[in-house]
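Hello,

Here is the structure I promised to pass on to you. Have a look at it first, and then read my notes below.

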Amino acid sequence: MAVVEDGRRQLANLIHSQVALHEEFGGVVPEVAARAHLEKLPGLVTAALAEAGVTAGQLDRVGVTRGPGLVGCLLIGVGMARGLAAGWGKPVVGVNHLWGHVYAALLTEPSLEPPLLALVVSGAHSDLVWMAGHGRFEVLGRTRDDAAGEAFDKAARMLGLGYPGGPALDRLARTGDARRQRLPRPSLPGLEYSFSGLKTALRYRLRDLGESLPEQTRADLAAAFEASVVESLLEKLGLALAGRPAAEVVVCGGVAANTLLRRRAAEVVAAAGARLTIPPLVLCTDNGAMIAAAAHHAPQADLEVDPGLGW
Ligand code: KG4
Ligand code: ZN
């Protein structure tokens, strides 16, 4: 729940993390997630307004995610937004969650303006997107199977790491050496990604190595898996840049919190002569400020909940 000014400045950005709630299940339980939204949202509204130091009367509009996402959570969010907007006498606009990830970059770098090329990497998406203007997105490439975040989460589980897997794998990889446990680099023609084969390669490697792996080998495997995902993501980003030169590049979404991706993306984008914006970690993973920024720049009246909404 966030309050944003001019679509660029965060006045408040509060997150009630559900990590502890889902930890014992090893992943997000949709029904539990929806109930927690219902329980926590009203308190967060009050807290966000207080932290921002504004009253509801001073707001221009209420923005809310209408998709893609878990249907129960989306319904609760949209219902809550409709109620608040009706009570406050304000317009309410539905926002595409993926657009939000890109708008997080505009909250990060105040001088950033489209056109720009964005790599959006989250739990369910690995998309290369051309943003021609506000609310104007063209998908140049996407994954054929798993998203990068999903691949990280599955690999983490195979390596015996807890939930959430991506950050845990990131930490373990810091102590590993990718060269000691090379894994294949996915390679499809054009701007398509694929990570399911890499996952299978890790599974077979673990089977061949046998049980009770030394900690160093697990770290080496985490580093190798991470290197393959990151280099694949950046190879296609480079290819997209070659085909459509852009002055501005954005890397965003939960996976953009990854340490290696952040470091290597800076090198690859600098080599292409473009400027890179990667939001700070709290604006990479899901948050309210990115949705408020998107609602400011690209207001859509559409409030229809669509769990599978595309760009
Ligand atoms: O954008 P996000 O918060 O939620 C979705 O919209 O999906 O992305 C969540 C994904 C998860 O798969 C999580 O494991 C991954 O982002 N992630 C990371 C890191 N932090 C979060 N993956 C790799 N390294 C990280 N440091
Ligand atoms: Zn997200």
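Before the findings, one term: a polar contact is a pair of N or O atoms within 3.5 Å. Please also keep in mind that this is a predicted model.

With that term in hand, let's start at ligand 1. An oxygen atom of the ligand lies 3.5 Å from a polar backbone atom of Val 255. Gly 123 also uses a polar backbone atom, which is 2.8 Å from an oxygen atom of ligand 1. With His 97 it is the side chain that takes part: one of its polar atoms is 3.1 Å from an oxygen atom of the ligand.

How much of ligand 1 does the protein bury? On its own the ligand exposes 550 Å², and the protein buries 85% of that. Helix 4 (97-108), helix 5 (148-158) and helix 6 (165-173) are the elements that each give two or more residues to the shell around it.

In total, 17 residues surround ligand 1, and the closest are His 101, Gly 123, Asp 153, Asp 170 and Asp 286. Sorted by class, the shell holds nine polar, five nonpolar and three charged residues.

Is Asn 258 buried or exposed? Asn 258 counts as buried because its relative accessibility is 6%, and the cut-off for buried is under 20%. Leaving aside residues up to four places away in sequence, Asn 258 touches Phe 152, Asp 170, Glu 226 and Val 230.

Enjoy exploring!

Technical notes
Residues numbered from 1 in each chain as written. Chains lettered and ligands numbered in written order. Predicted model: local features only at pLDDT ≥ 70, side-chain atom pairs only at ≥ 80, totals over all residues. Heavy atoms only, no water. Near = heavy atom within 4 Å. Polar contact = N/O pair within 3.5 Å; in protein donor to acceptor, adjacent residues only side chain to side chain. Areas by Shrake-Rupley, 256 points an atom, 1.4 Å probe, with all protein chains shown as cover. Helix = DSSP H or I, 4+ residues; strand = E, 2+ residues; numbered from the N terminus. Nonpolar A, V, L, I, M, F, W, Y, C, P; charged D, E, K, R; others polar. Buried < 20%, exposed > 50% of the residue type's maximum accessible area, 1.4 Å probe, protein only. Contact = heavy atoms within 4.5 Å.
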